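These are my notebook entries on a single structure.

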Amino acid sequence: MRKIISLILAAMVVFTGCGAKEQTVIAKINGQEIGLSEFMVHVYGTKSSYESMGGADIWDTEYEGRSAREIAMESAVDSLKIVKLANAKAAELGVALSDEEKEAAENEAMSVYQSWGKEERKTVSLDTLANVLIEKKIMGLVYDKVTEGY
């Protein structure tokens with residue numbers, strides 16, 4: 001896991017701000033290529049969650065000898081894995097978003113995108129953000145389907 005995070009961090013340093021952000025493949029999950037831009041959506045979401053729980057100084061915190069940054073990066077990687085694996089199961093389970101649900105995800109993406117700063121918008125396109133939010137909504141439907149009756 002540490003090796004994956006190190007590679008991702010290196011890719012972020014090298015490619016953030018480059019025109020190739022959408023095409024920069026940093027990993028494969030279940031045979032599907034993951035771009036830096038897509039991963040960064042998960043990073044920004046994790047960053048926002050951590051800061052809302054622990055404040056802006058959360059990044060100075062260590063837990064069991066590990067920095068909050070390291071833990072947050074692992075959390076972002078885990079989030080991406082879960083979303084991709086759930087989406088791979090969606091068709092098998094007969095799960096799909098309605099047109100209205102897709103439109104709601106796209107509207108949410110627009111709202112989030114407009115709230116982001118220059119750096120985030122430079123790293124992630126609106127289309128990538130919308131696609132990730134759509135996949136997260138599908139993941140929620142897969143979760144509901146799998147846990148149905150429990």
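**Order of elements.** I read the elements of the protein chain from the N terminus on and found α-β-β-α-β-β-α-α-α-α. I counted 6 helices and 4 strands in the protein chain. I note that the model is predicted.

**Whole chain.** I looked up burial and found that buried residues make up 37% of the 150 residues in the protein chain. I then took the contacts between residues at least 6 apart in sequence; 70% of these join residues at least 24 apart.

**Helix H6.** I checked the length of H6, residues 126-146. With 21 residues at 1.5 Å a residue, helix H6 should span 30 Å, and its end C-alpha atoms are 30 Å apart, so the two values agree. I next asked which residues of H6 are buried. They are Thr 128, Leu 129, Ala 130, Val 132, Leu 133, Ile 134, Glu 135, Ile 138 and Val 142. For their packing partners I found strand E2 (32-35) and the helices H2 (36-54), H3 (68-93) and H4 (99-115).

**Nonpolar cores.** I recorded 29 residues in the largest nonpolar core; Phe 39, Met 40, Trp 116, Val 124 and Leu 129 touch the most other members. At least two residues of this core come from each of strand E1 (25-29), H2, H3, H4 and H6. H6 gives the most, with 7 residues. Apart from this core I found another, of 5 residues, including Tyr 50, Trp 59, Ala 68 and Ala 72. As a general remark, nonpolar side chains tend to be buried together in soluble globular proteins.

**H4 against H6.** I examined how the axes of H4 and H6 lie: they come within 8 Å and cross at roughly 130°. At that angle H4 is therefore oblique to H6. On the H4 side, the contact is made by Glu 101, Lys 102, Ala 105, Glu 106, Glu 108, Ala 109, Met 110, Val 112 and Tyr 113. On the H6 side, I listed Leu 126, Leu 129, Ala 130, Leu 133, Ile 134, Lys 137 and Leu 141.

**Asp 78.** I located Asp 78 in helix H3. Is Asp 78 buried, partly exposed or exposed? Its relative accessibility is 33%, and I therefore count Asp 78 as partly exposed, since buried would require under 20% and exposed over 50%. I also looked up its separation from His 42: Asp 78 and His 42 are 36 residues apart in sequence and 9.3 Å apart in space, C-alpha to C-alpha.

Definitions and conventions
Residues are numbered from 1 along each chain as its sequence is written. This is a predicted model: local features need pLDDT of at least 70, side-chain atom pairs count only at pLDDT 80 or more; totals for chains, interfaces and linings use all residues. Side-chain values use heavy atoms; hydrogens and water are left out. The expected span of a helix is 1.5 Å times one less than its number of residues. Buried means under 20% relative accessible area, exposed over 50%, partly exposed in between (1.4 Å probe, protein chains only). Contact means heavy atoms within 4.5 Å. A nonpolar core is a set of buried Ala, Val, Leu, Ile, Met, Phe, Trp, Tyr and Cys residues joined through side-chain atoms within 4.5 Å. Axes are lines fitted to C-alpha atoms, for helices over the stretch in contact, and angles run from 0 to 180 degrees between N-to-C directions. Angles under 35 degrees count as roughly parallel, over 145 as roughly antiparallel, 65 to 115 as roughly perpendicular and the rest as oblique.
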